[in-house]
Amino acid sequence: MEWFEDETLWVDFSDVLFSAGRAEEARARVGSSPLLRVPAGAAVLDLGCGPGAYAIPLAGSGAAVTGVDLSADLLRRAKAGASEAGVELRLVRADMREFIEPDRFDLAISMYTSFGLFADHHENMRVLRNVRASLKPGGHFLIDLYGKEILARDGGLPHILDVEGGTMIVRGTILGDWERFRDDFILVQGGRARTAFVEHTLYSAFELKTMLVEAGFTDVECFGGFDAEPFDNHARRLIVRGSRGSEAA
């Protein structure tokens, strides 16, 4: 079993990994970011949607949103959140390596470093090709992640975070020759200590842009934040956007 298939991770750590503050940040970005602006009725795919931090406000803005995730618990939370917000979500439990719905979506998004989960490069490429095929001609794919350049600039020092009713310690480790990154979590809460980890591939802007081009995307651009600012030494995130192009594959 791979780490992301362990449902206890999402059950035990969901409240701290997907906090109320993170949900509010996502709502603000959906309301202001030119990269997330879609017309009412646009079909949007949120790949690795988690509890719906982006899917719910996108649906609230009038998009027809499909949220895909492997975790049954996170999808349950997304359903409850959508009901509370009074919006409709189409939720699908699926492995992103398998999910494909040809020519369906105007926009696909992958947020919070949800792309690059697989140690096998070919599996990550498979995800890109699936997404491209699932886009309508002219549709876009937006990937948000913690880029290699940002990690090199800011470092991966341990963090001690106050969470509701306890403390979480996060320790990051670079794996191999800057190929992968692992975050180990220790959560002390309610007199109980729990541990978990996540891993993902480390991409530079050039590496990820090259992969999108190889997968058939066109007009690939890199940004340093959700205001579409340049990806430079001040970048807060690595955001890469590519288009399927106007011609059907």
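G50 counts as buried, at 2% relative accessibility (buried means under 20% relative accessible area, exposed over 50%, and partly exposed in between, with a 1.4 Å probe and protein chains only). The model is a predicted one, in which local features need pLDDT of at least 70 and side-chain atom pairs count only at pLDDT 80 or more, while totals for chains, interfaces and linings use all residues. Residues are numbered from 1 along each chain as its sequence is written, and side-chain values use heavy atoms, with hydrogens and water left out.

Back to G50: this glycine sits in the loop between β1 (43-47) and α3 (55-60). Helices (H or I, at least four residues) and strands (E, at least two) are DSSP runs, numbered from the N terminus. Setting aside neighbours within four places in sequence, G50 is in contact with D69, L74, L75 and A78, where contact means heavy atoms within 4.5 Å. Y112 is 62 residues away along the chain, with 9.7 Å between its C-alpha atom and that of G50.

Beyond four places in sequence, the contacts of F217 include L128, V131, F141 and R244.

Strands count as paired if DSSP finds at least two bridges between them. Strand β6 (residues 159-163) pairs with β7 in the antiparallel sense over five bridges, with L161 opposite M168. Two residues separate these strands in their hairpin, and G165 takes a positive phi near 75°. Next, β7 (residues 166-175) and β8 (residues 180-189) run antiparallel and are joined by ten bridges; L175 stands opposite R180. Their hairpin has four residues between the strands, including G176 in the turn, with a positive phi of about 65°. Ten bridges also join β8 to the antiparallel β9 (residues 192-201), where R192 is the bridge partner of Q189. In that hairpin, with two residues between the strands, G190 has a positive phi near 60°.

Salt bridges (a side-chain nitrogen of Lys or Arg within 4 Å of a carboxyl oxygen of Asp or Glu) number 24. One of them joins E101 and R90 at 2.6 Å, N to O. E101 lies in the loop between β3 (90-93) and β4 (105-110) and R90 in strand β3, so the pair ties together parts eleven residues apart in sequence. E101 is buried at 17% relative accessibility, whereas R90, at 30%, is partly exposed. The side chains of R97 and E123 also meet, at 3.1 Å, N to O. This pair links distant parts of the chain, R97 in the loop between β3 and β4 and E123 in helix α5 (residues 121-134), 26 residues apart. R97 is buried at 9%, and E123 is partly exposed at 24%. A further salt bridge joins D184 and R182 at 2.9 Å, N to O. Finally, salt bridges that share partners join E2, D95, R97 and E123 into one network.
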